[in-house]
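Let's take a look at this structure together, starting with the ligand and then moving on to the sheet.

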Amino acid sequence: MSSQSLGSLSGRPVTITGLGAYLPSRVITNDDLSQTLDTSDEWIRQRTGIRERRIADPGLASSDLGVMAARSALADAGLAPEEVGLVVTATISPDQLMPATAARVAYQCGCLAAGAYDVSAGCSGFVFALAMASSAVAAGLEDHVLVVGAETISRILDWEDRSTAVLFGDGAGAAVVSAVEATRQGGPSGGDAGGSGRILGFDLGGDGSGADYLQIPAGGSRLPASCATVQARQHYMQMNGHEVYRFATRVVAESAARVLARCGRRTEDIDLFVPHQANLRIIEGAVKKLGIPEERVFTNVDRYGNTSCASIPLCLTEARAEGRLRPGDLVLLMGFGAGLSWGACLLEWGEGGV
Ligand code: UT7
């Protein structure tokens, strides 16, 4: 492979044949949060653009939300669960450290023969999982891979820490990734049969020197769970918001430029930009640097907050429902988060709606 084609997807053409989303019905507004935290609707809206978020009912785990989104995506693709060869779940709030959340998602969806594993790459996880799924399909390892971004971040938030508690929400989104040659007509969205949809390429990256900026300190092999770690609230997410903010506003424009160059496209060609929904100010800053017109940017952070690995597939599902994805559209997906990590994906939307 020449260095010029590095990052652009080679092998069998790959496309997205189904999308699905699931959001818990319980809405928590900024005013609700200000009842228990020293915060205000004004502060949260001004600094983040968030108005409200969804929170899953007690007893529900990330796999439960993921299953709902995955079932919708399979139905959308017109695919029987047993046709799925791999299930990849991206999450920062797994059901457990072991087994993989994907194992439960695969089983509950009826993907009984599928291999199942999780991707842990912070809020970039969905784009990383999409890259792994696309590579497996392009290389001929599988015809269909189910990619799920599922989060119950409410379980790993410190509800006494106003600097993180106001930012996140629960939700799940899913996409079916298929070989173009294995698609067929007949699904509710018509699949991609005869369509022009293609996943074109990726830019994946990281900087582990920032690993401490966004972390759950305890509960792993570095700091095993103990009474002391529980008392010190070290099983909750901790973030250096300022450093993550600086990192995010820098890498989004850089990574976008790289993936565009790798695929031989220009910023002006982008029809829809779907960034990770961390903070409206980060998105606005990146869009300004990139030079993408506002009307070509999709946001829903105001309604759901930061849903980490679920944010991009949630946006795609909503964008399609709103008619903002048309056949032939060039779409840029951009994830960034813990690791620190980033991941960009460039794709062309297909005839069948995907
Ligand atoms: O998914 C990827 C991971 N996450 C992100 O991308 C988040 C990246 N970071 C951010 O979005 C921003 O840094 C935040 C929204 C987290 C914070 O915004 P900021 O403008 O950087 O605020 P700050 O951290 O500089 O805090 C400013 C002030 C502080 O008070 P003092 O020290 O100036 O008196 C904070 O204590 O705001 C205070 N503050 C709050 N006040 C009311 C922090 N959180 C809150 C709050 N309500 N919820």
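A polar contact here is a pair of N or O atoms within 3.5 Å. This is a predicted model, where local features need pLDDT of at least 70 and side-chain atom pairs count only at pLDDT 80 or more, while totals for chains, interfaces and linings use all residues. Residues are numbered from 1 along each chain as its sequence is written, and side-chain values use heavy atoms, with hydrogens and water left out.

| Residue | Atom in the residue | Atom in the ligand | Distance |
|---|---|---|---|
| Gly241 | backbone N or O | nitrogen | 3.0 Å |
| His276 | side-chain N or O | oxygen | 2.8 Å |
| Arg281 | polar side-chain atom | oxygen | 3.4 Å |

On its own the ligand exposes 960 Å², and the protein buries 71% of that (accessible areas come from the Shrake-Rupley method with a 1.4 Å probe). Which element gives the most to the shell around the ligand? That's α8, with four residues (helices are DSSP runs of H or I with at least four residues, strands are runs of E with at least two, and both are numbered from the N terminus).

Now for the sheet. It's open, with five strands in the order β1-β7-β6-β4-β5 and mixed pairing (two strands pair if DSSP finds at least two bridges between them). β1 (14-22) and β5 (115-119) are at the edges with a single partner strand each, so one side of each has no neighbour in the sheet. Strands β4 (residues 86-90) and β5 run parallel, joined by five bridges. Ala90 has Val119 in β5 as its bridge partner.

Key
A polar contact is a pair of N or O atoms within 3.5 Å; within protein, one must be able to donate a hydrogen and the other to accept it, and residues adjacent in sequence count only if both atoms are side-chain atoms.
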